[in-house]
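Student: I have a model open and want to learn how to read its features. Can we go through it together?

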Amino acid sequence: MAIRQLSETLINQIAAGEVIERPASAAKELIENALDAGATRIEIATSGGGKALLRVSDNGSGMDAADLELAVRRHCTSKISETLEDIRTLGFRGEALPSIGSVARLSIASRRRDSTGGHEIAVAGGKIAHMRPAAANPGTIVEVRDLFFATPARLKFLKTEKAEAGAITEIVKRMAIAFPAVRFVLSGSDRTTLEFPATGDDHLARMAQVLGKEFRDNAIALDAVREEIALTGFAGVPTFNRGNSAHQYAFVNGRPVQDKLILSAIRGAYAETIPSGRYPVAVLAITLDPALVDVNVHPAKSDVRFRDPSLVRGLIVGAIREALARDGSRAATTGASDMLRSFRPGFQPNSQRPQGGWSAETSPSRPYQPTTGFGERPQASFDGLSMPTARAEPQFSPQPAAPEPNARYPLGAARAQIHANYIVAQTEDGLVIVDQHAAHERLVFEAMRKALHSKRLASQVLLIPEIVDIPEEDCDRLMQHAAELSELGLAIERFGPGAIAVRETPAMLGEVDAHGLIRQLADEIAEWDTASGLSAKLEYVAATMACHGSVRSGRRLRPEEMNALLREMEVTPGSGQCNHGRPTYIELKLSDIERLFGRS
């Protein structure tokens, strides 16, 4: 069979198979072009899930007639010149528009700001129509109709219109988070209008628009730098989690990406703090020299390859864990909302409610002026009883000391234990309900985790070393991490070509399947260039031991013990959730309590 040159249309259709997989792919490419053109307002309209119509309008720099002629031809771009090592724009390949034009009916109308008129060009199934003048506002309008009409087989692989419309919505959300200074409007006959007004430099406000206002109340700021890589963004507290990973957003130099290295780092950072099957909410922005990252891995540009992946992963894990240790012990605000919804009042609250939030001066149920600390007048009648104080004494005493008048305790002073499992504590502006078993389990686990990382772990020497046969390249990878593994109690060494000798295993793990452990570590290093799996196993064992060694449900605690538990929770990282990711306490503000009684 003779070799022949493929036609330009067929070449574009083949390229479209990689660049334009579905309507959302076309939307992503067109929005990227608008952002690269400096647009501050982008409007997207769809019909039929983007299959019948996809229109993207912007107020960017626009194009003249010469630019339009080249824009629909393959490998024509204004964003790079001779090198791929300094890419600072979202698009750069010059394939999107000709690929779309080869499989759909494409029209582009554009006008430069300094021009008195615009021009329009159309492409249908790869055939370019003649340029013509057009009335247009400054900016560009790209309209895509009948997507994949020229390649009908592709239509069979698309999902329902609702699913395709949802995929476009997700693309717009990611772009909106990445560019808070741009106003996005998504509308169409197949959806309700979605609008994200510009928030300028307030990234958290834009995130609240996309992820919900609860994210603002449950987010912890991230700001870390390691060598030449900077990480900013926000991570949700562990108790603020979701049922899938769709609420995890990552950006590299402003480019939305779905990189498995970053997603793995997020999962590792929240290890032992999120329940199985639940996922944290996080928005991460990584900034680094363009020469240190390859964005040309795939035509869709959603995957990237870092020059030093272990450095990036370590930065993400370290920054999130440091943030959780600093501010992640608080419970999610959604816990109180869920608790309020579970109450069933026995009456219908009065519809006449005062406007605004709760205050001691205006509340009808709190007419007194509160004092500092926990010595309010309503508590004075309990002075003769053996009530708990807010002080954690080193030794228990029959007569606890009086509370410090100027003390400030986030978790308050213990007032009661109910059902031999829950501690009720009074704070300055509400109350806290603590699950004593879950809370103490977390405290014990953090103490064990600290011991794990403070010194080399105890190991057990094998009487006869285990010889594990694995490929030579896996042997090389494992030996590069031999020192790290030794600190965790796993001593390995080379045993000829294609074999590893295991001489010591971590004592915490007890009887170990050395062959399975070594192969699992080798696979992990090959994929992620890290050997964190062993550390995760050890922390899992520590979590199990902590669960069995903590205060059990049903045990009655003395007031001093309850307050000592509260004080230790206040200074322990991650105490807002147990090792299984469940919340250890729920906080109710007085405004929440007043709302239950219809007084706010």
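Student: Leaving aside neighbours within four places in sequence, which residues is Ile316 in contact with?

Tutor: This is a predicted model, so read every value as computed from it. Beyond its sequence neighbours within four places, Ile316 is in contact with Leu231, Ile262, Ala265, Ile266, Leu284 and Ile286.

Student: Which residues of the largest nonpolar core touch the most other members?

Tutor: Ile316 is one of them, along with Ile42, Phe184, Phe215, Ile262 and Phe306. That core has 92 residues. Helix α10 (residues 309-327) supplies its largest share, nine residues.

Student: What lies apart from this core?

Tutor: Another core, of 16 residues. Ile470, Leu490, Ile492 and Ala522 are among them.

Student: How do I describe two packed helices?

Tutor: Two numbers describe a packed pair: the angle between the axes and the distance between them. Take α9 (residues 260-269) and α10. Their angle is about 35°, and their axes lie 9 Å apart. The crossing of α9 past α10 is right-handed.

Student: Which residues make that contact?

Tutor: From α9 come Leu261, Ile262, Ser264, Ala265, Ile266, Gly268 and Ala269. From α10 come Pro309, Arg313, Ile316, Val317, Ile320, Arg321 and Leu324. By class, the contact of α9 with α10 holds ten nonpolar, two polar and two charged residues.

Student: Now α2 and α6. At what angle do they pack?

Tutor: Helix α2 (residues 23-36) and helix α6 (residues 161-178) pack at about 25°, with axes 8 Å apart. That angle makes α2 roughly parallel to α6, because angles under 35 degrees count that way. α2 passes α6 in a right-handed crossing.

Student: How are α2 and α4 oriented to each other?

Tutor: Start from the numbers. α2 and helix α4 (residues 96-103) pack at about 140°, with their axes 10 Å apart. They are therefore oblique to each other. The cut-off matters here, because roughly antiparallel needs an angle over 145 degrees. The crossing of α2 and α4 is left-handed.

Student: And what makes up the contact of α2 with α4?

Tutor: Ala26, Glu29, Leu30 and Asn33 of α2 meet Ala96, Leu97 and Ile100 of α4. By class, the contact of α2 with α4 has five nonpolar, one polar and one charged residues.

Student: Next, accessibility. Is Val257 buried or exposed?

Tutor: Compare the relative accessible area with the cut-off. Val257 is buried, because its value is 3% and buried means under 20%. Val257 sits in strand β14 (residues 255-257).

Student: Which contacts does Val257 make beyond four places in sequence?

Tutor: Arg174, Ala250, Val252, Ile262, Lys301, Ser302 and Val304. Look at Ser302: 45 residues separate it from Val257 along the chain, yet their C-alpha atoms are 4.6 Å apart.

Student: How does Leu194 count by accessibility?

Tutor: Leu194 counts as partly exposed, because its relative accessibility is 26%. Its place is in strand β9 (residues 194-196). Leaving aside neighbours within four places, Leu194 is in contact with Thr169, Phe184, Val185 and Leu186. Its C-alpha atom is 9.6 Å from that of Val172, 22 residues away along the chain.

Student: What about backbone angles? Which phi does Phe148 have?

Tutor: A positive phi of about 70°, although Phe148 is not a glycine. Phe148 is in the loop between β7 (139-145) and α5 (152-155). At 0% relative accessibility, Phe148 counts as buried.

Student: And where is Glu227 found?

Tutor: In the loop between β10 (219-226) and β11 (229-236). Phi of Glu227 is positive too, near 55°. Glu227 counts as exposed, at 65% relative accessibility.

Student: Last, the whole chain. How many helices and strands are there?

Tutor: The protein chain has 18 helices and 25 strands. Of its 600 residues, 47% are buried. Among contacts with a separation of 6 or more, 70% join residues 24 or more positions apart.

Technical notes
Residues numbered from 1 in each chain as written. Predicted model: local features only at pLDDT ≥ 70, side-chain atom pairs only at ≥ 80, totals over all residues. Heavy atoms only, no water. Axes fitted to C-alpha atoms, helices over the stretch in contact; angles between N-to-C directions. Helix = DSSP H or I, 4+ residues; strand = E, 2+ residues; numbered from the N terminus. Parallel < 35°, antiparallel > 145°, perpendicular 65-115°, else oblique. Left-handed = near helix turned anticlockwise from the far one by under 90°. Core = buried A, V, L, I, M, F, W, Y, C linked by side-chain atoms within 4.5 Å. Buried < 20%, exposed > 50% of the residue type's maximum accessible area, 1.4 Å probe, protein only. Contact = heavy atoms within 4.5 Å. Nonpolar A, V, L, I, M, F, W, Y, C, P; charged D, E, K, R; others polar.
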